[in-house]
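Q: I would like to go through this fold with you. Could we start with the sheets and then move on to the helices and the interior?

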Amino acid sequence: MKTIYLLISLVLTAFFVNTTLPEQKENLKMTDIQVIGSHNSYKVAIEKPLFEYLFQKNPALSGLEYDHIPLSGQLDLGLRSLELDVFHDPMGGHYSNPKGLEIVKAAGTEPKPFDVEEKLKIPGLKVFHIQEIDFRSHQLVFKEALEELKSWSDANEGHNPIIITINTKDSEIPDTRKPLPFDAEALKNLNAEILAVFSKERIVTPDLVRGDFGTLEEAVLEQGWPVLNKVQNRFLFVLDEGGEKMETYLKSFPNLEGAALFVNQEEGNPTAAFRILNNPVENFEQIKKLVSLGYMVRTRADADTKEARENDYSRFEKAKASGAQIITTDYYLPSTLFKSDFKVSFENNSYERIRE
């Protein structure tokens with residue numbers, strides 16, 4: 001039944017996404033449309049024995065009970081925003097053999113195959129959620145995730161820009177291995193790995209948006225973001241970090257010149273253009289104001305499985321009404337891990353529309 005549902009969804013979504021925008025596309029700017037994307041887009045479900053162990057230790061970890069189809073499948077459905085979490089691993093192997101596999105064995109179950117090709121031993125950025133416990137990913141290697149996205153783009157010429165937000169992970173968690181710090185070197189590697197896969201002609205860069213203006217913020221407030229038909233087949237990358245990490249990235253790329261990524265900079269700063277405000281209920285008025293001024297904003301329709309378990313669409317309705325251009329969810333398709341009909345989409349099962 002699930003397979004039939006997915007096939008129907010693919011057919012309908014392909015039709016409605018392709019017929020939503022064309023007539024007005026010529027004059028639409030990037031900020032004039034609203035898209036649905038996914039949160040922690042790479043994530044494969046924690047297998048049952050490990051999840052049950054974690055839940056017994058801390059019931060609040062029920063918020064980890066979600067997963068996603070592969071990245072290309074999400075883009076096929078019509079999603080136009082994805083999120084990747086990356087870990088610094090310049091020598092390779094730092095995150096191999098997570099402890100969660102031993103927990104599954106201790107429960108008397110043979111773990112599902114994991115990293116059979118030993119990709120975690122490859123030097124470079126890795127993609128997963130939480131070391132040791134939530135480590136399964138459709139693409140363990142960041143560069144391979146980017147290559148998958150580029151291949152999809154090459155095969156689907158004419159698509160609107162796809163927004164990729166990136167979290168740089170190095171939080172220490174008790175009883176897990178210590179992550180390598182995401183320092184200046186790691187942030188430069190992040191920029192370099194993006195540019196190793198995507199030429200600047202395939203990216204909506206800060207330089208492109210800034211143009212002849214003195215600052216990025218001046219450009220988006222006075223001129224606005226590019227017209228859609230000038231940035232087809234491109235990706236827009238955002239560093240979803242504040243504080244020290246953002247400042248470190250800006251030291252390497254002053255005024256974001258030569259940068260592959262935008263930053264989540266507070267309005268009123270020279271590099272402000274893209275804001276991440278994840279709670280559309282608490283931040284409703286702020287999001288509306290920022291969007292009206294010309295900023296691009298990402299928010300979330302649900303979090304920690306709460307809305308899905310309660311079939312509560314109030315947060316999604318606020319997200320839509322706020323005007324935020326990007327709305328992320330874990331439920332562009334209903335959960336297969338617990339009983340719920342919760343599903344986030346626009347009218348006619350689409351994931352992209354002209355912003356109201």
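A: A definition comes first: two strands pair if DSSP finds at least two bridges between them. In this predicted model, β8 and β9 meet that criterion, pairing in the parallel sense over 3 bridges.

Q: Which residue stands opposite I327 in β9?

A: The residue opposite I327 is T299.

Q: What is the strand order of the sheet that holds β8 and β9?

A: The order is β7-β8-β9-β1-β10, in an open sheet of 5 strands with mixed pairing. The edges are formed by β7 (274–276) and β10, each of which has a single partner strand, so one side of each is left without a neighbour in the sheet. On average, neighbouring strands here are turned by 20 degrees against each other, direction ignored.

Q: Where does α11 lie?

A: Helix α11 lies across β7 and β8, and runs at about 155 degrees to β8.

Q: Moving to α13, which of its residues are buried?

A: In α13 (residues 314–322), the buried residues are R315, F316, A319, K320 and S322. They span an arc of only 165 degrees around the axis, which places them on the same side of α13.

Q: And what covers them?

A: The cover includes the strands β1 (33–38), β8 (296–300), β9 (326–329) and β10 (352–354), together with the helices α11 (284–293) and α12 (306–310).

Q: What follows α13?

A: G323 follows α13, with a positive phi near 90 degrees.

Q: How many bridges join β2 to β4?

A: Strands β2 (residues 81–87) and β4 (residues 162–169) run parallel and are joined by 7 bridges. One of the residue pairs is F87 with its bridge partner K169 in β4.

Q: Finally, how many cavities of 30 Å³ or more does the structure hold?

A: It holds 2 of them. The largest cavity has a volume of about 70 Å³, and its lining consists of M30, I33, V35, P161, I163, L228, M296, Q325 and I326.

Conventions:
Residues are numbered from 1 along each chain as its sequence is written. This is a predicted model: local features need pLDDT of at least 70, side-chain atom pairs count only at pLDDT 80 or more; totals for chains, interfaces and linings use all residues. Side-chain values use heavy atoms; hydrogens and water are left out. Buried means under 20% relative accessible area, exposed over 50%, partly exposed in between (1.4 Å probe, protein chains only). Helices (H or I, at least four residues) and strands (E, at least two) are DSSP runs, numbered from the N terminus. The arc is that of the directions from the helix axis to the C-beta atoms. Contact means heavy atoms within 4.5 Å. Axes are lines fitted to C-alpha atoms, for helices over the stretch in contact, and angles run from 0 to 180 degrees between N-to-C directions. On a 1 Å grid over the protein atoms alone, a cavity is a set of points where a 1.4 Å probe fits but cannot get out, and a pocket is an open set with protein on both sides within 12 Å along at least five of seven lines; lining residues have an atom within 4 Å of a point. Grid points are joined across faces, edges and corners, and a volume is the space filled by probe spheres set on the points.
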